[in-house]
Amino acid sequence: GLGLSTKRDEDFGAWYSQVVVAGDLIDYYDISGCYILKPWAYAQWEYLKEFFDREIKELEVENCYFPMFVSASRLEAEKDHIEDFAPEVAWVTRSGNTDLEVPIAVRPTSETVMYPHYAQWIRSHRDLPLRLNQWCNVVRWEFKHPTPFIRSREFLWQEGHTAYSSKAECDVEVRQILELYRRVYEEYLAVPVVPGKKSEKEKFAGGDYTTTVEAYVPGSGRGVQGATSHCLGQNFAKMFNIEYEDAKGGRSLVWQNSWGFTTRTLGVMYMVHGDDDGLVLPPKVAPVQAIVIPIPNSKLSDEAKQKMDEIATGMCKSLKAAGVRSKLDNRDNYTPGWKYNHWELKGVPMRVEFGARDLETGTCVIARRDTREKETVKIEDLTKRCSELCEQIQKDMFERARKIRDENIVSLTSWDGFIEALDAKKLIMTPWCNTKDSEELVKKKSTAESTGGAAKTLCIPFEQPALEAGTKCFITGEPATCWVLWGRSY
Ligand SMILES: O=C(C[C@H]1NCCC[C@H]1O)Cn1cnc2c(c1=O)CCCC2
Ligand SMILES: [Mg+2]
């Protein structure tokens, strides 16, 4: 289309940078790694937020808001894992011309902000479970190349932080939340994900175990961590002394979870579904699902043109009444061609073309953005058809993405072909002995034997293929204990 000068298969990174601007999602900002979320993108974040917020409230989670500033003493309370993140922490060191006595950190995540207060609030088993969530921004001064939505120095997310009296309750909730993340991707963003457990090397170091939903970006062949739900065990309870008097009068430490998803979800969706004409939005998150474009021609009398506008306005009204988010583009300062290109760049799922001839025949044309198929319908059938198409397009986009994802996962039982598969933009399932050393070895070998970047484990899928007794780990030859999914990743 007019807006994109780079084709997706030519240079995926350049294509993506253009498509997020041409689709009117973001504007660049004068501070590196920061982006402006324009209304077209923010509305999509709101759809995801609306769904997830409603669902966690069903799980009796309550929203709250904690300060974005963290004292150095609190931030450094969790020595072990903070040090390898330290370079990412942004600090406020002065106000006006006056240096602060003690620098203050900007939250990169809120465990250390919240948990000293959890320790104050949780005294008795009657104070449990405590389930809080906040929708907010966080700042991480990343040094890797920033990518809109995927990696930015400030991003929006929700972070849930819960405390229970038993590990069993944590284990249940971890998976309930992970299922909600799967639904965010598969039911709203039409992006298939692999739910699974992170390896010891890849998990959140401060926690007990990490579960994740992993997506696949065909354009780059990379895996991407979609959202994470961690069981923290009692690690933070020990650190912050979050203990309570249990029913028998004894003292116990709480068990905790923390879970988050971010605006990265949107970037993954744009990468998976976008094409050379721009964004392709799944109807569930499309701010406009049907754009109605009347195409008057010069031969029409004024009253005929007036009639067309009235009918087109009526179409929008009827679509809205049926729950289809529609908009009328009858601006007289743009040509139909310009409008087609404009709304294709923005990824609007359906375009309704209404021309002079349609006025006589009482028809209009629906053009699908995903398949580009066109169909002529009677105007009285338009609303019903668009409602049906919203569901059909959502389903078709998901199935198409799943087929492509499945075609790009190969299984290997030895190192042979591993690098070739990575270079062919594949993800790789292998039998594995599940040790940190073997994962380090794969990272080292994949760095040494290719220029495309190291491979890491994305997750140990909960859905495990059969593992024949005696199967060997693909890299160490030791007995394999599971199948694991490898890939280059964002
Ligand atoms: O943020 C988490 C764990 C947890 N935080 C709450 C939401 C879910 C989950 O992401 C891990 N983590 C990632 N990145 C960083 C930190 C960190 O703790 C701390 C310092 C800066 C960078
Ligand atoms: Mg990070």
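The model is a predicted one, so local features are taken at pLDDT of at least 70 and side-chain atom pairs at pLDDT 80 or more, while totals for chains, interfaces and linings use all residues. Residues are numbered from 1 along each chain as its sequence is written, chains are lettered from A and ligands numbered from 1 in the order in which they are written, and side-chain values use heavy atoms, with hydrogens and water left out.

Starting with the overall build, the protein has 14 helices and 23 strands; these are DSSP runs (H or I over at least four residues for helices, E over at least two for strands), numbered from the N terminus. The radius of gyration is 26 Å, close to the 23 Å that the globule rule gives for 490 residues, so the protein is as compact as a globular protein of that length. That radius is taken over C-alpha atoms, and the rule is 2.2 Å times the number of residues to the power 0.38. Along the principal axes, the C-alpha atoms fill a box of roughly 85 × 55 × 50 Å. Of the 490 residues, 52% are buried, where buried means under 20% relative accessible area, exposed means over 50%, and partly exposed is in between (1.4 Å probe, protein chains only).

On to the inside. A nonpolar core here is a set of buried Ala, Val, Leu, Ile, Met, Phe, Trp, Tyr and Cys residues joined through side-chain atoms within 4.5 Å. The largest one has 58 residues, and Phe52 and Tyr270 have the most contacts inside it. Helix α2 (residues 39-58) gives the most to this core, with 9 residues. Leaving aside residues up to four places away in sequence, Phe52 touches Trp135, Gln158, Ile177, Leu180, Tyr181, Trp259 and Phe261. There is also a second, separate core of 26 residues, which includes Cys364, Cys386, Ile393 and Met397.

Next come the charged pairs. Side chains of opposite charge can pair when their charged atoms come close. Counting a salt bridge wherever a side-chain nitrogen of Lys or Arg is within 4 Å of a carboxyl oxygen of Asp or Glu, the total comes to 36. One of them joins Arg372 and Asp277, at 2.8 Å from N to O. Arg372 sits in the loop between β18 (363-368) and β19 (374-378), and Asp277 in the loop between α8 (264-273) and β15 (290-295), so this pair ties together parts that are 95 residues apart in sequence. Arg372 is partly exposed at 36% relative accessibility, and Asp277 is partly exposed at 22%.

Another pair, Glu399 and Arg402, meets at 2.9 Å from N to O. These two are 3 residues apart in helix α12 (residues 382-407), so about one helical turn separates them. Both count as partly exposed, Glu399 at 36% and Arg402 at 31%. Lys378 bridges to Asp381, with the closest N and O atoms 3.8 Å apart; Lys378 is partly exposed at 44%, as is Asp381 at 34%. Elsewhere, salt bridges link Glu55, Glu179, Arg182, Arg183, Glu186 and Glu187 in a network.

A few backbone details are worth a look too. The peptide bond from Leu128 to Pro129 is cis, with omega near -5°, and Pro129 lies in the loop between α5 (111-121) and β7 (130-139). Asp24 has a positive phi, near 65°, without being a glycine. This residue lies in the loop between α1 (12-22) and β1 and is partly exposed, at 28% relative accessible area. Asn241, also not a glycine, has a positive phi near 55°; Asn241 is in the loop between α7 (235-240) and β12 (243-245) and is partly exposed at 47%.

Finally, the surface. Tyr29, Ile31 and Ile36 form a nonpolar patch there, with about 260 Å² of accessible area together. Patches are made of residues with over 30% relative accessible area and no salt bridge, with like charges joined within 9 Å and nonpolar side chains (Val, Leu, Ile, Met, Phe, Trp, Tyr) within 5 Å. Tyr29 is in the loop between β1 (26-28) and β2 (35-37), and at 45% relative accessible area Tyr29 is partly exposed.

Notes. Accessible areas come from the Shrake-Rupley method with a 1.4 Å probe; for residues, only the protein chains shown count as cover. Contact means heavy atoms within 4.5 Å.
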